[in-house]
Amino acid sequence: MVIRKYEANDIPAMVEIWNEVVAEGIAFPQEELLDNETGREFFAAQSYTAVAVSSEGNIAGLYILHPNNVGRCGHICNASYAVNSKCRGQHIGELLVKDSLVQGKRIGFGILQFNAVVESNIHARHLYERLGFVQLGVIPKGFRMKNGEYENICPYYHVL
């Protein structure tokens, strides 16, 4: 698996993977699906967008990296990760997170912060903690699940 900066011809596969996670309604706060045009604009607007490419040349996952805030908090970045459901369990998410830590520092960010890790997303939480992220606390009922129920979110951060 190779992690690299995305290219224009990757967008259809990226949109499909992104939309799959959005439609699941259990991890991303977004509710609107992307099409190839809105996806092109969305991914281009990020500070950095990367894809995980299998040895067969298929896009297996992606991440976006961007400022978490502006001005005096502009040194803190935020990232989102999406892995094709057919490829989950192969440690692709770990490769994406590790690369985002490197790229975030390279770009000049000092901290990577996750605002809304859903409490039941145990696999992601264990990965983040294994990689040195620190949980900041719990925000009760901070995430509305697809079924309309609310779940706690756990903010995390990692110094770059």
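Visitor: Is Glu7 buried, partly exposed or exposed, and what is the relative accessible area of Glu7?

Guide: Buried means under 20% relative accessible area, exposed means over 50%, and partly exposed lies in between, with a 1.4 Å probe and protein chains only. Glu7 has a relative accessible area of 39% and is partly exposed. This is a predicted model, in which local features need pLDDT of at least 70 and side-chain atom pairs count only at pLDDT 80 or more, while totals for chains, interfaces and linings use all residues. Residues are numbered from 1 along each chain as its sequence is written, and side-chain values use heavy atoms, with hydrogens and water left out.

Visitor: With which residue does the side chain of Glu7 meet in a salt bridge?

Guide: Side chains of opposite charge can pair when their charged atoms come close. A salt bridge here is a side-chain nitrogen of Lys or Arg within 4 Å of a carboxyl oxygen of Asp or Glu. The partner of Glu7 is Arg4, at 3.9 Å from N to O. Arg4 is partly exposed, at 24% relative accessible area. Arg4 also forms a salt bridge with Asp10, where the closest N and O atoms are 2.7 Å apart. Asp10 is buried, at 5% relative accessibility.

Visitor: How many salt bridges does the rule give, and how far apart in helix α3 are Lys98 and Glu94?

Guide: The count is eight salt bridges. One of them joins the side chains of Lys98 and Glu94, at 3.2 Å from N to O. Helices (H or I, at least four residues) and strands (E, at least two) are DSSP runs, numbered from the N terminus. Lys98 and Glu94 are four residues apart in helix α3 (residues 92-107), so about one helical turn separates them. Lys98 is partly exposed at 40% relative accessibility, whereas Glu94 is buried at 16%.

Visitor: How many disulfides does the structure hold?

Guide: A disulfide is a covalent bond between the sulfur atoms of two cysteines. The cut-off is a pair of cysteine sulfur atoms within 2.5 Å. The structure holds zero disulfides. For Cys73, the closest cysteine sulfur is in Cys77, 13 Å away, which is too far for a bond. Cys73 is partly exposed, at 34% relative accessibility. For Cys154, the closest cysteine sulfur is also in Cys77, at 19 Å, again too far for a bond. Cys154 is buried, with a relative accessible area of 0%.

Visitor: In which sense do β2 and β3 pair?

Guide: In a regular strand the side chains alternate between the two faces of the sheet. Two strands pair if DSSP finds at least two bridges between them. Strand β2 (residues 48-53) pairs with β3 in the antiparallel sense, over six bridges. Thr49 has Ile64 in β3 as its bridge partner. The two strands β2 and β3 form a hairpin with five residues between them, and Gly57 in the turn has a positive phi of about 90°. On strand β4 (residues 76-83), β3 pairs in the antiparallel sense over seven bridges, and Ile64 stands opposite Ser80 there. Strand β3 (residues 59-67) is mostly covered, with eight of its nine residues buried.

Visitor: Where does Glu31 lie, and which residues does Glu31 touch?

Guide: Glu31 is in the loop between α1 (11-24) and α2 (36-44). Contact means heavy atoms within 4.5 Å. Leaving out residues up to four places away in sequence, Glu31 touches Val22 and Arg144. Glu31 is exposed, at 52% relative accessibility. Glu31 and Phe42 are eleven residues apart along the chain, and their C-alpha atoms are separated by 14 Å.

Visitor: What radius of gyration does the protein chain have?

Guide: The radius of gyration is taken over C-alpha atoms, and the globule rule is 2.2 Å times the number of residues to the power 0.38. For 160 residues a compact globule would have a radius near 15 Å, and the protein chain agrees, with 15 Å. The C-alpha trace spans about 40 × 40 × 30 Å along its principal axes. Of the 160 residues, 45% count as buried. Among contacts between residues at least 6 apart in sequence, 62% join residues at least 24 apart.
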